[in-house]
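The sequence and the structure come first.

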Amino acid sequence: MATYPYGKFRYKVEIEGVGAGGFSEVSGFDASIDVIEYREGDMTQTPMKIPGLKKYGNITLKNGVTENKAMYEWIIAGVNGAVKRTTLTITLLDAEEKPAASWQVENAWPTKYTAPDFNATSSEIAIETLEIAHEGMTRKS
């Protein structure tokens, strides 16, 4: 029997275990390890490759503007005072909307908020964007 991969269009985002509302797009969460090249004079022509810093990309959350201002208030709290770090969980759902895969994001905090652009001749939804920095990502399932 064939195993089919999951679609990427059914997911949920939780902040500290509580639903954070609907998002039209969640992107950019990745992990990488820098490569340090090192060579001494008596080595072969190919340098050694040594693992360097571990890095995590920023996550971008996009959602349609509603009366809910939680994401905006999260970054404004950091602009006006201490940045609040929290745990995000992003869960991919299967066709029955049951969890299929889950990623936990540690020490997440908002680094950039972008209000929607406006165009009187457009028939699109107004989208706001929140960019999240973090210090680690773990796939839980």
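Patches here consist of residues with over 30% relative accessible area and no salt bridge, with like charges joined within 9 Å and nonpolar side chains (Val, Leu, Ile, Met, Phe, Trp, Tyr) within 5 Å. A salt bridge is a side-chain nitrogen of Lys or Arg within 4 Å of a carboxyl oxygen of Asp or Glu. Accessible areas come from the Shrake-Rupley method with a 1.4 Å probe, and for residues only the protein chains shown count as cover. The model is predicted: local features need pLDDT of at least 70, side-chain atom pairs count only at pLDDT 80 or more, and totals for chains, interfaces and linings use all residues. Residues are numbered from 1 along each chain as its sequence is written, and side-chain values use heavy atoms, leaving out hydrogens and water.

**Surface patch**

A nonpolar patch on the surface is formed by I36, Y38, M48 and I50, which together have about 340 Å² of accessible area. At least two of its residues come from each of β4 (31–38) and β5 (48–56); helices (H or I, at least four residues) and strands (E, at least two) are DSSP runs numbered from the N terminus. I36 sits in strand β4 and, at 42% relative accessibility, counts as partly exposed (buried is under 20% relative accessible area, exposed over 50%, partly exposed in between).

**Aromatic pairs**

There are 2 aromatic pairs in the structure. Rings of Phe, Tyr and Trp (its six-membered ring) pair if their centres lie within 6.5 Å; planes under 30 degrees apart count as stacked, over 60 as edge-to-face and the rest as tilted.

| Pair | Centre distance | Plane angle | Class |
|---|---|---|---|
| F29 and W103 | 5.8 Å | 75° | edge-to-face |
| Y72 and Y113 | 5.2 Å | 70° | edge-to-face |

F29 lies in the loop between β3 (25–27) and β4 while W103 is in strand β8 (residues 99–114), so this pair ties together parts 74 residues apart in sequence. Y72, in helix α1 (residues 70–80), and Y113, in strand β8, are 41 residues apart. Y72 is partly exposed at 36% relative accessible area, and Y113 is partly exposed at 24%.

**Nonpolar core**

A nonpolar core is a set of buried Ala, Val, Leu, Ile, Met, Phe, Trp, Tyr and Cys residues joined through side-chain atoms within 4.5 Å. The largest one has 14 residues, and V26, I59, L61 and I132 have the most contacts inside it. Two or more residues of this core come from each of β6 (59–64), α1, β7 (86–93), β8 and β9 (127–133). The largest share, 3 residues, is from α1.

Methods
Buried < 20%, exposed > 50% of the residue type's maximum accessible area, 1.4 Å probe, protein only.
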